[in-house]
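Please consider the following briefing, which is intended for a reader new to this structure. The sequence and the model are shown first, and the notes follow by topic.

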Amino acid sequence: MGPIRPRCRSGNSCAREAVLPNEMVEELSTAARQLASLRRVYKKVCPICGIEFEGIAKRVYDRHACQVKAYRRRMRERQASVRGSSGATR
Ligand SMILES: [Zn+2]
């Protein structure tokens with residue numbers, strides 16, 4: 001009645017199909033390389049407090065406090081520019 005499903009138990013022909021085609025293997029390796037580069041530690045200088053620290057590529061600030069400070073500063077600048085351009089209505 002229903003479609004016949006191939007039986008897939010331990011180590012027969014199904015296992016061969018489970019191996020990824022070359023393209024996908026390559027894709028996986030580039031992903032792994034990207035991951036490795038992300039994990040790599042760089043010497044950086046925090047733009048907020050100027051302290052030198054080591055962190056992964058994504059990391060910008062040495063501590064969470066600096067990240068928050070930068071975020072608040074950015075928000076304040078954005079609000080100021082919005083207020084300036086729109087012309088305060090109140
Ligand atoms: Zn800092």
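**Glycine 55 and its strand**

Glycine 55 lies in strand β2, which spans residues 52-56; helices (H or I, at least four residues) and strands (E, at least two) are DSSP runs, numbered from the N terminus. The model is predicted: local features need pLDDT of at least 70, side-chain atom pairs count only at pLDDT 80 or more, and totals for chains, interfaces and linings use all residues. Residues are numbered from 1 along each chain as its sequence is written.

**Surroundings of glycine 55**

- Glycine 55 is partly exposed, because 14 other C-beta atoms lie within 10 Å; a residue is buried with 20 or more such atoms within 10 Å of its own C-beta, exposed with 12 or fewer, and partly exposed in between, the C-beta atoms being placed from the backbone.
- Beyond the neighbours within four places in sequence, glycine 55 is in contact with Val41, Tyr42 and Lys44, where contact denotes C-beta atoms, placed from the backbone, within 7 Å.
- The C-alpha atoms of glycine 55 and arginine 39 are 8.6 Å apart, and these residues are 16 positions apart along the chain.

**The paired strands**

- Strand β1 (residues 41-45) pairs with β2 in the antiparallel sense over five bridges; pairing requires that DSSP finds at least two bridges between two strands.
- Glycine 55 in β2 is the bridge partner of tyrosine 42, and glutamate 54 in β2 stands opposite lysine 43.
- Six residues separate β1 from β2 in a hairpin, and glycine 50 in the turn has a positive phi of about 75 degrees.
- Zero of the five residues of β2 are buried, so this strand lies largely in the open.

**The whole chain**

- The protein chain has three helices and two strands, in the order α-α-β-β-α from the N terminus.
- Of the 90 residues in the protein chain, 2% are buried.
- Among contacts in the protein chain with a separation of 6 or more, 0% join residues 24 or more positions apart.

Note on methods:
Two residues are in contact if their C-beta atoms, placed from the backbone, lie within 7 Å.
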